[in-house]
Amino acid sequence: MLRSLFLLLCLCYLGEGLAQAGFSWGISLYPNYSDRRLIAYSFITQDEINRLDSLEGGRFSYSGGVLAEWRTEKVGFQTGMNFMNTGYRTIRETILPGDPDESSGNERQFLFRNFNIEIPAELHFYQEVSPGNEFIFTLGGALSYNISNSAFKILRRDGTSERIDVSDEEQDFRSINMAFVTAVGWETDISETISLVIQPTFQFWMRGILNDTLELNRNLYNLGVKFSLKFRTLYEDY
(Lines give C-alpha, C1' and ligand atoms only; values in the text may rest on other atoms or scores of the structure.)
Protein backbone atom coordinates (compact mmCIF):
# COMPACT_ATOMS: atom_id res chain seq x y z
CA MET A 1 0.00 0.00 0.00
CA LEU A 2 2.68 2.52 0.98
CA ARG A 3 4.81 1.55 -2.01
CA SER A 4 1.89 2.62 -4.18
CA LEU A 5 1.64 5.85 -2.18
CA PHE A 6 5.32 6.64 -2.77
CA LEU A 7 4.89 5.97 -6.50
CA LEU A 8 1.82 8.21 -6.60
CA LEU A 9 3.71 11.01 -4.86
CA CYS A 10 6.52 10.83 -7.37
CA LEU A 11 4.17 10.77 -10.35
CA CYS A 12 2.20 13.75 -9.04
CA TYR A 13 5.39 15.65 -8.48
CA LEU A 14 6.73 14.93 -11.95
CA GLY A 15 3.40 15.97 -13.39
CA GLU A 16 3.88 19.46 -11.98
CA GLY A 17 6.89 20.02 -14.19
CA LEU A 18 10.34 19.29 -12.79
CA ALA A 19 12.02 21.75 -15.10
CA GLN A 20 10.06 24.67 -13.69
CA ALA A 21 10.49 23.80 -10.02
CA GLY A 22 12.45 25.95 -7.61
CA PHE A 23 14.82 24.29 -5.16
CA SER A 24 15.38 24.84 -1.44
CA TRP A 25 17.23 23.01 1.29
CA GLY A 26 17.10 23.28 5.04
CA ILE A 27 17.09 21.78 8.50
CA SER A 28 14.21 20.51 10.60
CA LEU A 29 13.46 19.59 14.20
CA TYR A 30 10.41 17.56 15.20
CA PRO A 31 9.81 17.31 18.97
CA ASN A 32 6.82 15.06 19.58
CA TYR A 33 4.92 12.75 21.91
CA SER A 34 5.45 9.13 20.91
CA ASP A 35 3.08 6.31 21.86
CA ARG A 36 2.26 2.78 20.75
CA ARG A 37 -0.71 0.70 19.63
CA LEU A 38 -0.82 -2.90 20.81
CA ILE A 39 -1.03 -5.65 18.21
CA ALA A 40 -2.52 -8.66 20.03
CA TYR A 41 -3.24 -12.12 18.70
CA SER A 42 -6.33 -14.22 19.27
CA PHE A 43 -4.89 -16.42 22.02
CA ILE A 44 -4.42 -13.37 24.28
CA THR A 45 -7.56 -12.53 26.24
CA GLN A 46 -9.12 -9.08 26.13
CA ASP A 47 -8.59 -8.73 29.89
CA GLU A 48 -4.85 -9.31 29.43
CA ILE A 49 -4.75 -6.79 26.58
CA ASN A 50 -6.58 -4.17 28.67
CA ARG A 51 -4.28 -4.74 31.66
CA LEU A 52 -1.13 -4.39 29.57
CA ASP A 53 -2.48 -1.33 27.75
CA SER A 54 -3.19 0.36 31.10
CA LEU A 55 0.44 -0.14 32.18
CA GLU A 56 2.03 1.42 29.08
CA GLY A 57 2.09 4.97 27.81
CA GLY A 58 3.89 7.50 25.66
CA ARG A 59 7.09 9.48 26.11
CA PHE A 60 8.85 12.53 24.73
CA SER A 61 10.44 11.78 21.38
CA TYR A 62 12.19 13.75 18.67
CA SER A 63 13.68 13.64 15.19
CA GLY A 64 15.74 16.09 13.23
CA GLY A 65 17.84 16.34 10.11
CA VAL A 66 18.22 17.90 6.69
CA LEU A 67 15.66 18.42 3.92
CA ALA A 68 15.52 19.15 0.21
CA GLU A 69 12.45 20.46 -1.62
CA TRP A 70 11.52 21.06 -5.23
CA ARG A 71 8.35 23.07 -5.73
CA THR A 72 6.18 24.94 -8.14
CA GLU A 73 3.73 27.66 -7.16
CA LYS A 74 1.19 25.28 -5.59
CA VAL A 75 2.92 21.91 -5.06
CA GLY A 76 6.25 20.82 -3.61
CA PHE A 77 8.01 17.50 -3.18
CA GLN A 78 10.20 17.18 -0.09
CA THR A 79 12.64 14.51 1.02
CA GLY A 80 15.76 14.39 3.19
CA MET A 81 17.27 12.38 6.02
CA ASN A 82 16.50 12.44 9.76
CA PHE A 83 17.78 10.85 12.94
CA MET A 84 14.87 9.68 15.10
CA ASN A 85 14.74 8.82 18.81
CA THR A 86 11.34 7.31 19.57
CA GLY A 87 9.67 4.61 21.69
CA TYR A 88 7.35 4.27 24.68
CA ARG A 89 7.39 3.68 28.44
CA THR A 90 5.44 2.07 31.24
CA ILE A 91 3.73 3.94 34.04
CA ARG A 92 5.26 4.06 37.51
CA GLU A 93 4.21 1.03 39.53
CA THR A 94 4.62 0.38 43.25
CA ILE A 95 7.10 -2.35 44.11
CA LEU A 96 5.33 -4.87 46.31
CA PRO A 97 6.85 -6.70 49.32
CA GLY A 98 8.78 -9.79 48.23
CA ASP A 99 9.63 -8.36 44.79
CA PRO A 100 13.33 -8.80 43.77
CA ASP A 101 13.61 -5.01 43.39
CA GLU A 102 12.18 -4.26 46.85
CA SER A 103 15.56 -3.38 48.33
CA SER A 104 16.41 -1.02 45.45
CA GLY A 105 13.35 1.21 45.35
CA ASN A 106 9.68 1.64 46.05
CA GLU A 107 8.61 2.53 42.48
CA ARG A 108 9.56 1.00 39.12
CA GLN A 109 9.20 2.09 35.52
CA PHE A 110 10.49 0.82 32.17
CA LEU A 111 11.66 2.99 29.26
CA PHE A 112 11.99 1.64 25.70
CA ARG A 113 13.91 3.56 23.01
CA ASN A 114 14.22 2.95 19.28
CA PHE A 115 16.78 4.82 17.16
CA ASN A 116 16.13 5.07 13.42
CA ILE A 117 17.38 6.76 10.29
CA GLU A 118 14.36 8.12 8.43
CA ILE A 119 13.91 9.14 4.77
CA PRO A 120 10.64 11.03 4.16
CA ALA A 121 8.84 11.52 0.84
CA GLU A 122 6.12 14.16 1.10
CA LEU A 123 3.88 16.23 -1.12
CA HIS A 124 3.32 19.78 0.12
CA PHE A 125 0.32 21.73 -1.14
CA TYR A 126 0.64 25.53 -0.82
CA GLN A 127 -1.98 28.26 -0.67
CA GLU A 128 -0.83 31.87 -0.42
CA VAL A 129 -2.64 33.78 2.32
CA SER A 130 -0.72 37.05 2.01
CA PRO A 131 2.60 38.06 0.44
CA GLY A 132 5.29 35.97 2.11
CA ASN A 133 2.82 33.78 4.03
CA GLU A 134 1.44 30.44 2.87
CA PHE A 135 -0.79 27.72 4.29
CA ILE A 136 0.62 24.18 3.83
CA PHE A 137 -1.06 20.79 3.75
CA THR A 138 1.28 17.77 3.74
CA LEU A 139 0.61 14.18 2.75
CA GLY A 140 3.25 11.52 2.39
CA GLY A 141 5.21 8.71 3.92
CA ALA A 142 8.58 7.83 5.40
CA LEU A 143 10.97 4.91 5.23
CA SER A 144 12.94 4.11 8.38
CA TYR A 145 15.96 1.93 9.11
CA ASN A 146 16.41 0.77 12.69
CA ILE A 147 20.00 1.28 13.87
CA SER A 148 19.77 0.45 17.60
CA ASN A 149 17.39 -0.11 20.51
CA SER A 150 17.63 0.10 24.28
CA ALA A 151 15.52 -0.62 27.35
CA PHE A 152 15.97 0.64 30.90
CA LYS A 153 14.47 -0.18 34.26
CA ILE A 154 14.15 2.92 36.42
CA LEU A 155 13.97 2.40 40.19
CA ARG A 156 12.90 5.31 42.41
CA ARG A 157 13.10 5.86 46.16
CA ASP A 158 12.82 9.08 48.21
CA GLY A 159 13.29 11.42 45.26
CA THR A 160 16.30 9.58 43.83
CA SER A 161 16.36 7.25 40.84
CA GLU A 162 18.59 4.55 39.41
CA ARG A 163 18.59 3.54 35.74
CA ILE A 164 19.52 -0.07 34.91
CA ASP A 165 20.08 -1.28 31.35
CA VAL A 166 17.83 -4.29 30.66
CA SER A 167 18.21 -4.42 26.85
CA ASP A 168 17.56 -7.83 25.32
CA GLU A 169 20.01 -8.43 22.46
CA GLU A 170 17.97 -11.43 21.28
CA GLN A 171 14.85 -9.31 20.68
CA ASP A 172 14.08 -9.44 16.96
CA PHE A 173 13.50 -5.80 15.97
CA ARG A 174 12.26 -4.99 12.48
CA SER A 175 14.98 -3.38 10.37
CA ILE A 176 12.80 -1.57 7.81
CA ASN A 177 9.48 0.11 8.49
CA MET A 178 7.21 2.58 6.69
CA ALA A 179 5.03 5.37 8.01
CA PHE A 180 2.08 7.46 6.94
CA VAL A 181 2.64 11.20 7.48
CA THR A 182 0.20 14.09 7.39
CA ALA A 183 0.51 17.69 8.57
CA VAL A 184 -0.88 21.20 8.26
CA GLY A 185 1.02 24.36 8.91
CA TRP A 186 2.33 27.75 7.97
CA GLU A 187 5.33 29.01 6.03
CA THR A 188 6.46 32.59 6.41
CA ASP A 189 9.34 34.40 4.70
CA ILE A 190 12.07 35.74 6.94
CA SER A 191 13.92 37.22 3.98
CA GLU A 192 13.91 36.84 0.21
CA THR A 193 15.75 33.51 0.44
CA ILE A 194 14.94 32.19 3.95
CA SER A 195 11.61 30.94 5.30
CA LEU A 196 10.35 29.40 8.54
CA VAL A 197 7.87 26.50 8.52
CA ILE A 198 5.76 25.44 11.53
CA GLN A 199 3.66 22.30 11.09
CA PRO A 200 1.65 20.22 13.58
CA THR A 201 2.46 16.71 12.30
CA PHE A 202 1.11 13.18 12.79
CA GLN A 203 3.10 10.06 11.91
CA PHE A 204 1.94 6.43 12.12
CA TRP A 205 4.26 3.47 11.53
CA MET A 206 2.46 0.79 9.54
CA ARG A 207 4.16 -2.32 10.91
CA GLY A 208 5.15 -3.46 14.39
CA ILE A 209 8.54 -2.66 15.89
CA LEU A 210 9.30 -6.41 16.10
CA ASN A 211 9.45 -8.85 13.23
CA ASP A 212 6.48 -11.18 12.87
CA THR A 213 6.09 -13.02 16.15
CA LEU A 214 3.56 -15.08 18.06
CA GLU A 215 3.85 -12.65 20.94
CA LEU A 216 2.57 -9.11 21.32
CA ASN A 217 3.76 -6.44 18.94
CA ARG A 218 3.39 -2.66 18.85
CA ASN A 219 2.91 0.03 16.21
CA LEU A 220 4.51 3.34 17.11
CA TYR A 221 2.93 6.69 16.31
CA ASN A 222 3.73 10.26 17.24
CA LEU A 223 2.18 13.71 17.31
CA GLY A 224 4.07 16.95 17.59
CA VAL A 225 5.11 20.20 15.89
CA LYS A 226 7.78 20.24 13.19
CA PHE A 227 9.95 23.34 12.78
CA SER A 228 11.89 23.81 9.54
CA LEU A 229 14.24 26.51 8.32
CA LYS A 230 14.44 26.58 4.52
CA PHE A 231 17.02 28.28 2.30
CA ARG A 232 16.04 28.94 -1.31
CA THR A 233 18.97 28.54 -3.66
CA LEU A 234 16.83 29.08 -6.77
CA TYR A 235 14.16 31.74 -6.63
CA GLU A 236 11.58 32.04 -9.41
CA ASP A 237 8.54 34.13 -10.12
CA TYR A 238 5.80 31.76 -11.15
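## A charged loop

Glu 169 lies in the loop between β8 (160-165) and β9 (176-189). Strands here are DSSP runs of E with at least two residues, numbered from the N terminus. Glu 169 is exposed, with a relative accessible area of 81%; exposed means over 50%, buried under 20%, and partly exposed in between (1.4 Å probe, protein chains only).

The model is predicted: local features need pLDDT of at least 70, side-chain atom pairs count only at pLDDT 80 or more, and totals for chains, interfaces and linings use all residues. Residues are numbered from 1 along each chain as its sequence is written, and side-chain values use heavy atoms, without hydrogens and water.

Glu 169 belongs to a negative surface patch with Asp 165, Asp 168 and Glu 170. Patch residues have over 30% relative accessible area and no salt bridge; like charges are joined within 9 Å, nonpolar side chains (Val, Leu, Ile, Met, Phe, Trp, Tyr) within 5 Å. A salt bridge puts a side-chain nitrogen of Lys or Arg within 4 Å of a carboxyl oxygen of Asp or Glu.

## Aromatic pairs

The structure holds nine aromatic pairs. Rings of Phe, Tyr and Trp (its six-membered ring) pair if their centres lie within 6.5 Å; planes under 30 degrees apart are stacked, over 60 edge-to-face, and the rest tilted. One of the pairs joins Trp 25 and Phe 231, which are stacked at 4.8 Å centre to centre with 25° between the planes. This pair links distant parts of the chain: Trp 25 sits in strand β1 (residues 22-39) and Phe 231 in strand β11 (residues 217-232), 206 residues apart. Trp 25 is partly exposed at 40% relative accessible area. Phe 231 is partly exposed too, at 23%.

Phe 125 and Phe 137 have ring centres 6.2 Å apart and planes at 25°, so this pair is stacked. Phe 125 lies in strand β6 (residues 107-130) and Phe 137 in strand β7 (residues 133-157), so the pair ties together parts 12 residues apart in sequence. Phe 125 is partly exposed at 33%. Phe 137 is partly exposed, at 33% relative accessibility. Elsewhere, Tyr 88, Phe 110 and Phe 112 form one aromatic cluster.

## A nonpolar surface patch

Ile 27, Phe 60, Tyr 62, Val 66, Met 81, Phe 83, Ile 119, Leu 143, Tyr 145, Ile 147 and Ile 176 form a nonpolar patch on the surface. Together they have about 990 Å² of accessible area, computed by the Shrake-Rupley method with a 1.4 Å probe. Strands β3 (59-71), β4 (75-90) and β7 each give two or more residues to the patch. Val 66 lies in β3.

Methods
Lys, Arg positive; Asp, Glu negative; His and termini not counted. Charge placed at Lys NZ, Arg CZ, Asp CG, Glu CD. Helix = DSSP H or I, 4+ residues; strand = E, 2+ residues; numbered from the N terminus.
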